[in-house]
Amino acid sequence: MSEKVLYRYNVMNVNSISGFGSIRGGLNADCRDVYFVRLLGVGKGMIDEIKRLDRQMDDYAGRGQVFYKRLEHLPVPASMEEANDYAEGYHKWIAGDKKSIVIKASKDNPALQESLSEACEKTLKLYMKTKKGVTDSILKNYWVKLMHWFDAVFGGNLSNWEVKSNIKIVLPNVWKEQEYLFCYMVTLIGADVLLLQTGKDIELCEELTALSVAERLGDYGRIEIPPYVQNVRTPEPEMRAAVRQTAVQQEPRQNIKITLPPRTPKKPQQTPENVRNSVMPQQASGNVVNPAKPQSGRTNPVVSGTKKPAGNAGEGREKSFEELALLASSIVMIAIHGTNGDIIGTGSGIMVGRDGFILTNNHVASGGRYYSVRIEDDDQVYTTDEVIKYNSVLDLAVIRIQRRLNPIPVYKGRQKLVRGQKVVAIGSPLGLFNSVSDGIISGFRVIDNVDMIQFTAPTSHGSSGGAVLNMYGEVIGISTAGFDSGQNINLAVGYESINMFIKGFVS
């Protein structure tokens, strides 16, 4: 950057909402004062104080004196197309020695591009320092999330940004480390951030907690904070040139849908119109329509049932159904949470890596703002918003929780699978945690160029992401879709695609 700035935090005490509104960090001798504050609990007259802050900031924004945004939550994850665009931006950032970041919010301001790059790099270093097992893929996905949030919050309102610009962000109930670090990142471009922790405070390591200061307003409780309704008057023409940021209307809450749009099948005889996802939408009615997600790949031949079934020939013995049912301890149920935290669907997942890595379907992982994971014989519910890797063609994704896991092995293909081979499916159909069913492989299909295993073990909505096992207790497929008009006609993405996808996560 042309000017190096030292950021100094919370040099004055802020112990109220109105105090946050009235204080402004100055710039003196290349030292910028910023405020990063957590107000804990529910204070007396809190709603009225929030409304007064909104009116005060709207008035200042109308005069071009502040950019103000009070959010209900950070935006939902980027769409697949947006995520791919940001991922390309990440590679350009790395290739350019991390000198600048050009995204929508910074594209017209070279100074912001440099400042944002420095802020992002510092944030990522903190993330890697305080979180174990951060891989290059995890880092890239978090960078994508940070940039998506930055664009969504600021839009095109930072074209005239400079170090002394007055920016104020208010956000309620931040409980996720990644969201907290995003808030810290924006303070590194000079924004003041207020977190209203009415329900509980965020749990962080000491180093991250020290980035902000906490003040107690009252006891924790449930309070309905009204959405921010912008009321900014337009500056007079002679004032417009001096406006550094203009507040924008907050984005409307998005309705998240679990079902995927139907696609035109390439082979009608192998893609019935009512192929369904086996994700379980909350309060779903009727059939959920979704052809299986495809990938160009190898075709599994239809092999005669006279061939010996694939398994650990010479390396073990077939297990009983009772023994296979015990492997449910390595299968999880995933609840999908929408933008307001409500559960909007359920799915299943398979433990594949000891460091918290869980394989599921992309149509499960792409449907929510965050996820809660249940594990058999464990009373704790693990929440996460980490989608480590996804492939919309294969319909596979890996999410991560903070827990050591007991992975289930994936079949390596010593022999080809055959029709008539016995299989066991484990998942959470209709939200019934870790149900076990048995059947056979009934065929091999290519759906939109993706190799799929057709099997008869019963599945229902909510089984998406569950395991299809051979009799040796190995994953041969991940339950993905089914046919609502048929009886026990279900589809799974095969072990070849799974092994390719989870390479690097298995431990």
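Predicted model: local features only at pLDDT ≥ 70, side-chain atom pairs only at ≥ 80, totals over all residues.
## Overall make-up

The chain has 507 residues, and 53% of them are buried. Its secondary structure comprises 11 helices and 23 strands.

## Helix 3 against helix 5

Helix 3 spans residues 80–95 and helix 5 spans residues 136–154. The two pack at an angle of about 110°, and their axes lie 9 Å apart. An angle from 65 to 115 degrees counts as roughly perpendicular, so helix 3 is roughly perpendicular to helix 5. The crossing of helix 3 past helix 5 is right-handed.

On the helix 3 side, the contact uses E82, A83, Y86, A87, G89, Y90, H91 and W93. Helix 5 supplies D136, L139, K140, W143, V144, M147, H148 and D151. By class, this contact of helix 3 with helix 5 holds nine nonpolar, three polar and four charged residues.

## Helix 4 against helix 5

Helix 4 covers residues 110–130. Its angle to helix 5 is about 135°, with the axes 11 Å apart. That angle makes helix 4 oblique to helix 5. Helix 4 also passes helix 5 in a right-handed crossing.

From helix 4 come L116, C120, T123, L124, Y127 and M128. They meet I138, L139, Y142, W143, L146, M147 and F150 of helix 5. The contact of helix 4 with helix 5 has 12 nonpolar residues, one polar and no charged.

## The nonpolar cores

The largest nonpolar core contains 97 residues. Within this core, W143, M147, F150 and F154 touch the most other members. Helix 5 gives the most to the core, with 11 residues.

W143 deserves a separate look. Leaving aside residues up to four places away in sequence, W143 touches Y86, G89, Y90, W93, I101, C120 and L124.

A second core is separate and has 19 residues. Its members include Y35, V37, L53 and Y228.

Key: Residues numbered from 1 in each chain as written. Heavy atoms only, no water. Axes fitted to C-alpha atoms, helices over the stretch in contact; angles between N-to-C directions. Helix = DSSP H or I, 4+ residues; strand = E, 2+ residues; numbered from the N terminus. Parallel < 35°, antiparallel > 145°, perpendicular 65-115°, else oblique. Left-handed = near helix turned anticlockwise from the far one by under 90°. Contact = heavy atoms within 4.5 Å. Nonpolar A, V, L, I, M, F, W, Y, C, P; charged D, E, K, R; others polar. Core = buried A, V, L, I, M, F, W, Y, C linked by side-chain atoms within 4.5 Å. Buried < 20%, exposed > 50% of the residue type's maximum accessible area, 1.4 Å probe, protein only.
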